[in-house]
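This report looks at the fold of one protein chain and then at two of its residues. Please keep the model in view while reading.

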Amino acid sequence: MTDKFEHSTVLERQEAKVKPPPMFQVLLLNDDFTPMEFVVSVLQKFFGMSREKSTQVMLKVHREGRGVCGLFPRDVAATKVDQVSEYARQHQHPLQCVMEEA
């Protein structure tokens with residue numbers, strides 16, 4: 001008599017090696033024309049920052065030429081860049097918003 005499990009195959013479970021998606025920083029770039037108050041309002045409106053945090057990031061943009069608005073997956077970052085760029089154009093400001101891989 002044979003054991004009914006004698007010929008069964010045991011499969012070992014392998015953990016999938018899934019890398020997290022690359023993240024992208026969304027940045028604002030300094031210019032000599034966009035009012036500081038407009039930059040603060042953009043940071044509050046599109047990135048959900050408090051007034052205090054928005055002011056800190058705006059000053060970093062002003063002093064260092066660029067400031068990080070947040071870290072997002074590619075699609076979210078691209079959408080934020082488009083939204084901010086369109087909003088700045090609508091208000092006739094040359095504010096530049098860009099993304100780069102983190």
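Among contacts in the protein chain between residues at least 6 apart in sequence, 72% join residues at least 24 apart, where contact means heavy atoms within 4.5 Å. The model is predicted, so that local features need pLDDT of at least 70 and side-chain atom pairs count only at pLDDT 80 or more, while totals for chains, interfaces and linings use all residues. Residues are numbered from 1 along each chain as its sequence is written, and side-chain values use heavy atoms, with hydrogens and water left out.

The protein chain holds three helices and three strands, arranged from the N terminus as β-α-α-β-α-β; helices (H or I, at least four residues) and strands (E, at least two) are DSSP runs, numbered from the N terminus. Of its 102 residues, 31% count as buried, a term for under 20% relative accessible area, with exposed over 50% and partly exposed in between (1.4 Å probe, protein chains only).

| Residue | Helix | Relative accessibility |
|---|---|---|
| F38 | α1 (residues 36–47) | 9% |
| S54 | α2 (residues 51–64) | 0% |

Not counting residues up to four places away in sequence, F38 touches Y87, A88, H91, H93 and L95. The C-alpha atoms of F38 and A88 are separated by 8.7 Å, although these residues lie 50 residues apart along the chain.

With the same exclusion of residues up to four places away, S54 touches V40, L43, Q44 and M49. A polar atom of the S54 side chain also lies 2.8 Å from the backbone oxygen of S50.

How values were computed
A polar contact is a pair of N or O atoms within 3.5 Å; within protein, one must be able to donate a hydrogen and the other to accept it, and residues adjacent in sequence count only if both atoms are side-chain atoms.
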